Structures are given as structure tokens and as C-alpha cells.
Amino acid sequence: MRFKRIYTKISNITKATCTLKAEGARYGELARVNGMPAQVISVLGDNVTVQVFSGTEGVSSHSEVIFSGSPPSLKVSDLLAGRFLNGYGEPIDGGPELRGEDRVIKGNAVNPVKRSQPSTLLATGIAGIDLNNTLVTGQKIPFFANPDQPYNQVLAEVAMRAEADKIILGGMGLSNDDYLFFKNTFTKAGVLNKIVCFINTSENPPLERLLIPDMTCTAAEYFANDQKQKVLVLLTDMTLYADALAIVANKMDQIPSKDSMPGSLYSDLASIYEKSVQFAHGGSITIIAVTTLNEGDITHAIPDNTGYITEGQLFLKQDADIGKVIIDPFRSLSRLKQNVIGKKTREDHPQVMNALVRLYADAMDAKTKKENGFDLNEYDKRCLDFAKEYSRKLLAVDVNIPIDQMLDTGWQLLQTYFKKFEVGIKEEFIEQYWHEEQTINAL
Amino acid sequence: MNTGKVTGVISNLIFIEAHGAVTQNEICLIHTENKRLMAEVIRITGTQVSAQLFETSMTIKMGSLVDFTGRMLEVELGPGILSKKYDGLQNDLTKMSGLFIDMGQTTPPLDSDVYYSFTPLIKAGETLHAGDWLGSVKENWIDHKIMVPFVLKGTYTVESITKKGDYLINDVMAVLSSEKGEKIEVTMVQKWPVKRAISTFRQKIRPNKILQTGLRVIDTLNPIAEGGTGYIPGPFGTGKTVLQQAIAKNSKADILIMVACGERANEVVEIFTEFPKLTDPDTGRTLDEKTTIICNTSNMPVAAREASVYVGMTLAEYYRAMGLKVLILADSTSRWAQALREMSNRMEELPGPDAFPVELPATIANFYSRAGLTELNNGAWGSVTFIGTVSPAGGNFKEPVTESTSKVARCFYALSQKRADAKRYPAIDPIASYSKYLDYPEFVENTDTSIQKGWVAKVKKCKDLIRNGLEARDQISILGDDAVPVEYHVVFWKSEMIDFALIQQDSFDDVDMNTSLERQQYMFNKLMEIGDMEFHFSEFEEVGTFFKQIINILKQMNYSPFDSSQFKKHHKELEKALQNMREKTLTEL
């Protein structure tokens, strides 16, 4: 054991931080204030500021501050599998203490030249994802959802269907109900041996959330790199994580940038999302996150910065015409789909996908026209009929079919409602996949 | 060497008590247990020095020793830069060991063990100035000039020059003597501080010649000139990166410098994977042979973001001094601005708009001004063309980085969310975007001879056609399809035709991704011919049906290799459809 440095003269206490005079403290090291975990966030001469994760309630100017000499770390080993842990990496499932190599969280960046290009399809069976926004291993992508949408259910659904060796859940500000939902889902599916959960519920102090993503990613890196496994990381809800960052920045007297968020928000979020990687040895980390929105506002600093970092985003939307939740084809995007569509999937995939979305856009224009009281022409009417079927058969999140079947369904819809020249697809594909006998309504 | 000791740490801002004189922007090295961490001095108050650390600060102890190097951040210039993958401080990433980048790891930017075949270009006794060519070596397929070091001021006489042969970069290639008789040994390598422009040229003139990018919406409608500047702002998901990579792959530049500044690591991985496989359309060599990539991805140290764009620009200027056409792309300059903001914030400076430092506009203007078309001392021409992307917060162009950039960049490629949503790629807004080069008389004159007489006037006419089309569309959507004259539909559909056949381009299709200027000229003339045609339709639904057919044929033409049998087949179809329409119009009139 190293010599413990104990101080008892705190000069300044805010709701989240305290400042004291101490010798030899290091930026980033862990400390305990009154026994509560804290981390050094500023050292100026012998003036040291620590953030107290649980908040400073009950801290007095004479409270005891002990410096640990080392930054936050996680004990990594195969024993992590099946465990439920808190933000400090301590068990909350009543199980034994973790054992293994003590690894500092927030590890170094992977050298970009040592990364491989993510190009392995990650199929989910949901056509709104696999057809329009195909995912690959090593990708990072969030769901953008309003608080009233069933984002955690969809997230769990995707996790259960996607092929992964380990699923690591980082829950930040999770409601207790949702925590239990995840736990039940994993238990029922019989996959407890391949999950690790780092949980901060809304009952826990908000600042403890700050550790969750790094803990989650450190565990993910262990399985993906040391064990060469395919790891799927789920982070929900990143908006609540960012809110916690804003609290600390505020107490540090930092000048806020847009939406009261710290100026470093982009870098803070990027350091987490960039942990997603495809290694040449086959191991990978795929991150699927949730960013909740305020009434669909994506210009807010949190979704905005997220969008610039992640490789696309998936929008959930309630489609009133069919009464189901769909993956919005316009605003959703998977940047890495180009690496697999038409290459790992059927060659007509890119063109069919684009044609369907373009015609769906025409349908939305027709809908606006109708809402504004204008007469619809024959093309508009066909578009509207098409849109309903497209939404029901392909966009709804409850669809669960293989990709080839999605493409066949797409062709069927095109032939039912449109003429060849209206779909704008390359001639060679039309010749191959357009079967005249299936053309029913087209005039 | 001056020294100091660490007195404080807030994230990557380090406070140092210095013993002795310290220079602004000087590089200092902070001692940790077994490493030296690099930092740049950014503020001096008496003996108190603030420095931005190019690493994470977790291991720094109070009282650690600091060495001040007396030098600013420099790059090493010499053969071997091409095909390299550097980090933001010009460390060669390929030479690093391990999967992860260990803190404080440095690697040499050039290869000291590679022989280059040297051919002298001058003789002993000649008088020279900084930047003059001493000789030439082959770097991949490029004639890499070995120059009189840029730092030398005044006139120099060549004492001796090495004979033709194979040499290492650190061998002495020439000995020069100054006016005072001082002898200087010149190797293939020289150093230059990145924040200073290399300005050993005779003059910088207004850009006048189109730099072909292969993208129709740029080359035809909003051309960028050799030595010009452009910027691409756009909300996320509008295709900034795809667009920039398309420009990189197809542009007719001799040298390509790509700076990935605070962006996704997988994007540079894509470049690493694809460029060695792609053929440069101009030379037939692989694309990575003329490319250098500088990557400071978003999880790499924030302070090195600023360095990365300056390193890129300095390398570009270096190749310009060899009489080459250099294109530098930086994605994204907003991340660099944010890095400046983070630091300014930690230093508790009074902020400007959106908490950015007040000097942001000046910093950006200065940087863009380093691009340009230059005449070298020996009469050769070299150019640096710069295109930067901007990531405006919330997709709102009324924010400091976009606004500051708009004042200096001459081409504006606005990416529109609406177009991206409708999958109309590239999502460049045809009306909001502009190229100021279209108004340069020297540029107009140049296109008159290099493309065709009256080209620019025709381009402007096309833009009017698009503008009229959009106005017609607004009228139609306000008043309804049948409440407006059928003519409005014709105007609207003519603009849709331009949109689908000219502006939209499939970056993922082998043929459509790159359109030669010759082909662009051909198709543009064809489109304008249709744009000029008079039509007579009895009702509005006929208009859409006719134009959808035309658009479909035009798209099939775009997907077919130029002048191939397929292309000709579709071309015939087009002529037939147009002929039918002409006859129909005649009979009905």
C-alpha cells in the first residue's frame, strides 16, 4: 500500500466540487472526500479542486480528503461476464468483488493506421435499419428519440437480434423500471453469460454517470482486443451524460457555449464514441447509443455534436397512418452502409433503397399538398398508397425478415405502384428484377 | 536551454514557472517518469507560462521539470512525405509500435534509410536565393525539388553541387556560401515553422484557371480555380465527407494533402484502405502515391488539431514551391476552431460570439490566405488550392466559424438538409452556392479558350433557369397544380431536369462519380438546348410525364461510359423523344 495523503482543510465547496490546499496531487487522480469518491479536475500550485461524484451534501470545511494516487480504473477479466456494476465498477448484484488486471479507464486511442475498415454486416432483421440504414460491426450510431418513444425497447430488441459475443450496457440516469426491463430481457433471453452492465439509475447521483461510458468502453476494449470478440456496446441515455458534464463545467465557472453545454462537449463525446473500432484480428466494438431529444430538436448541442461524431443516426417516428413506430427514412442515416450494401448484400440493394426513399419523399409532398387542400393528381395518389404499404411492410420496427426478402418486397412495391421510368433505377437491374406479371395497378 | 517547472494542470492546459526568457509559441518538453511530453507556449505573464499540451495530462506531477526548446512547432520537409500517414504533429503513424498510441510516442516523419536518385539542376558558381531549385529527386513519380532552405535570407553562391546519383536524405547535396563567406551545407531535408507561410515565390496572382474536380455541380456551375479557396458548410448527414472524398479522388491536382481534423477515425481508415487501390484518373498511378494524410481524429489530443491544419498547409506550400498543383482538403475547420475555443476558455479569456476566441475571424482569414497561385523565381507556376469543410452548430450558417470563413473563401458549397433528406446528392444547394471566380474577367477569358466561347454566360443562364424553376415550384405549391399556367410547370420541370441530370451525381457509381470536363461540356450544352426549347402542353400532367422520361434517359446516359454504345443508344432515345415533342408542338401550334 502506498502512503495515503490526508488533508482536512477545504477552502471552497460548491454543489459538485471542493477546493483545498494539498501537495503533490495529480490531475485526474481519484480521491475520497468524507469517504465519498471524487476526482481531481484542476491543480493550480497547491490549490486542488476535486469533483465529488455523489454531490457535496454533508461535506464540511473540515472533512477528510484522501488522495489515492491513481486515476479511476476497472478490474478486467472474463469474470466481468454476467455482472451488474455501478459507475465505479463495483458490484450491485450482490455478487463477489471483481478480480483481474486493474486497467485505467479512458485508455489511449487506437492508432488509425492499425484500424481495419468496418465492413462486416450487422443484421438486425429490422428493414428500417438493414435495408435503409445498414449497420456494420465497428460502427457507432445513436437512436435519436423523443422521451415518449420506446427507445430502450428498440435498443434491447436490436441487441438481442444482432450477432455479438458480448453485450455491454452502460445505463446513465436509467429509470429503475427500464433497468429492470433490460435485466429481465437479458435473463429471459438466457444471455446473462454474455452481458456486462454498468448501471447508474436516476436514483443515483448524476455525476456518477460521468464514469459509466468510460467503464463500459474499458470493459469492451478488454473483450474486443484481449479476447478478440465481437462486442456490442449499448449506451443509454447520452443526453443525461452530457447534462452531468454541464453541471461540472458550470461549477468550475467555465464559460458555457451553445445550450449551456461546455465548449469541450464535442471532444468529450468523441472520446467515448471513437472507442468503436474494427481490429484486424477480428475483434470489434460497435456502439449503439440513445440520445433523447427535446421535441425532436436536433439542433440542440447534444444531438448536434453527436451527429457530427457518430456514423449516422436512427430516428424513431410514430407513423399515424399505420399506427406504428417506424425508422424515419429521411432523417436516419448509416454512413458505413456503403461498405456493405451491394457488396455484402445483393447488388440491387443501393438502387432499390434509394428509389423507395425518393418515392416516399414524393408521397410526403403529396401529403402536404392534400393537407393544404389541393387536388391530388393520379401520380400523387399512387404515391400515397405506396407510402402506407412501404411504411407497414418495411419501415415499422416490428418487421423481422432477412435482407433479400426486404429487397424483394421493395421491388414488389415499386412494380405495384409505379412505372419503370418513374423509379429511376439502372436498366440492368430493371431487366433482372422487374417482373411484368407482378405489375398490378400500374397504368 | 531554458527550463521551468510545472505549477498547475487543468486538463491539457499546463502552468509553468519559467527560469529565464521564454518565447510565445515556443515548444517545451515536460518531463514525466520516462517520457517527454510536447507542449506549446500560448501565454506568458512574467515568469508564469501557460502551455497547451499535445497529450493527455494524467501523468504530470507538480514540480516536473520543463525544457524550453527555443524553437516553434516545425515540420521536416524533404522527399518521402508523399504516401505518409502523419498525426497532427507530423509523427509517422505507420512507424509507431502497438495497436494503441502510447503517450509521448514520437516517430521520424521522413525515412533516413531510403536512397533517392538525385539529379542536379544547377552548377557551381551560380547565385541563388531561398526556394531556388538545386536538384531533383524522384519521389514516387513526382519530381521532388531539393531547394535552397527557405530560412536562408539574401544571396548565396553555389560552392559545390553533388553529382547525379543515389543518396540518403541527410547526405550533403550542395554547399552554399553567403555574402559574408559563411559556408552552408544543404541536405535534402529542411525545417520550417508551420505557423509561418512559405513565401519564396516572385508573385501571387489572381486564380484564372479551372481546377477540375469531376463533380458537375462544382466544375460546371460553381468552379473552383487552381490556387483558389472554397468551403463546404453543412449540417451533419448532408454528405460533407463523401463530397470531400469525391473531390479528392477525382480532382486533377498533382499533390493531394488531406487533413482529418477532429473527425471520425473510420473516415481516415477508408482513405487508407481505398487510396492505394484507386487509380488517379490523370496519371494512371495509384492515388496514394500523390497523397499525404494528416490525421488528428476526434479521439486524438485536442491541442494537436490546430497543429494538424498548419502542418498540412505547410506541406502544401512546400510542394507548391516545386512548381506543382497542390490541393489541400481539411475536414473540418470547425473542430480546429473548437480546439481554440476550449483553450481560450481554460485560459479564462473574455469570449467572443458563441464563446469562440475574439481573434477567430483573423485566424481563419490568415489561414485561407496561404492558398494561392504563385509564380516562382524561375518563372514556373505552382498553386495551393484549399477547400475546408465547416460543421456549423445546429446546421445554422449564422455562427462564427461559417461567417468568418464566408468572408475569405471564394467558393461556397452550401449543403442543404432538404436536399439530403430527399437523397438528392451531392446535396449542394444550387442557388445558395456560388463561385466568385465566375466573375473574374481572367477566369472568363480562360474558359472562353479552354472550354468554349461564352461558357460563363451560359452557366449564369443555367443558374437563372434553376432559380426560375424554384420560383415556379413555389407558385405551384401555393396556388395548386391547375391554378397556374401550364407554362409554370414547364419552367419547373426544366429546372428539375438540370437538378437530376447535372447537379445530382452518384459518388458510388464507377462511371457517374467522375465526369470529365469534356463530357460535362457536352451534356451541359445538351441540357441547355432542351432548356431553350419551346414546349406546348395542353395540361400540366403531360409536362411531368414528358420530363420524367427525359430525365430517366439522361440518367441512363450519366451511368454509361462517355461515347460508349450504351451512351449512344440512350442518346438516340433522347433525340427521338425530343423530335417527337418538337413535331407535336409544331402540329398543335
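A: As a point of orientation, 61 Å separate the centres, taken over C-alpha atoms, of domain 1 and domain 3 of chain A, where the domain bounds come from an automatic or database domain assignment. The model is predicted, so that local features need pLDDT of at least 70 and side-chain atom pairs count only at pLDDT 80 or more, while totals for chains, interfaces and linings use all residues. Residues are numbered from 1 along each chain as its sequence is written, and chains are lettered from A and ligands numbered from 1 in the order in which they are written.

The contact between the chains takes 59 residues from chain A and 62 residues from chain B, two residues being in contact if their C-beta atoms, placed from the backbone, lie within 7 Å. On the chain B side, at least two residues each are supplied by strand S1 (3–10), helix H3 (265–274), helix H5 (333–346) and helix H13 (540–559); helices (H or I, at least four residues) and strands (E, at least two) are DSSP runs, numbered from the N terminus. The largest share, 8 residues, comes from H13(B). By class, this side divides into 26 nonpolar, 21 polar and 15 charged residues, with Ala, Val, Leu, Ile, Met, Phe, Trp, Tyr, Cys and Pro counted as nonpolar, Asp, Glu, Lys and Arg as charged, and the others, Gly among them, as polar.

S1(B) also runs antiparallel to strand S5 (residues 36–44) of chain A, to which 2 bridges join it, strands being paired if DSSP finds at least two bridges between them. Within S1(B), B:Gly8 is the bridge partner of A:Leu44.
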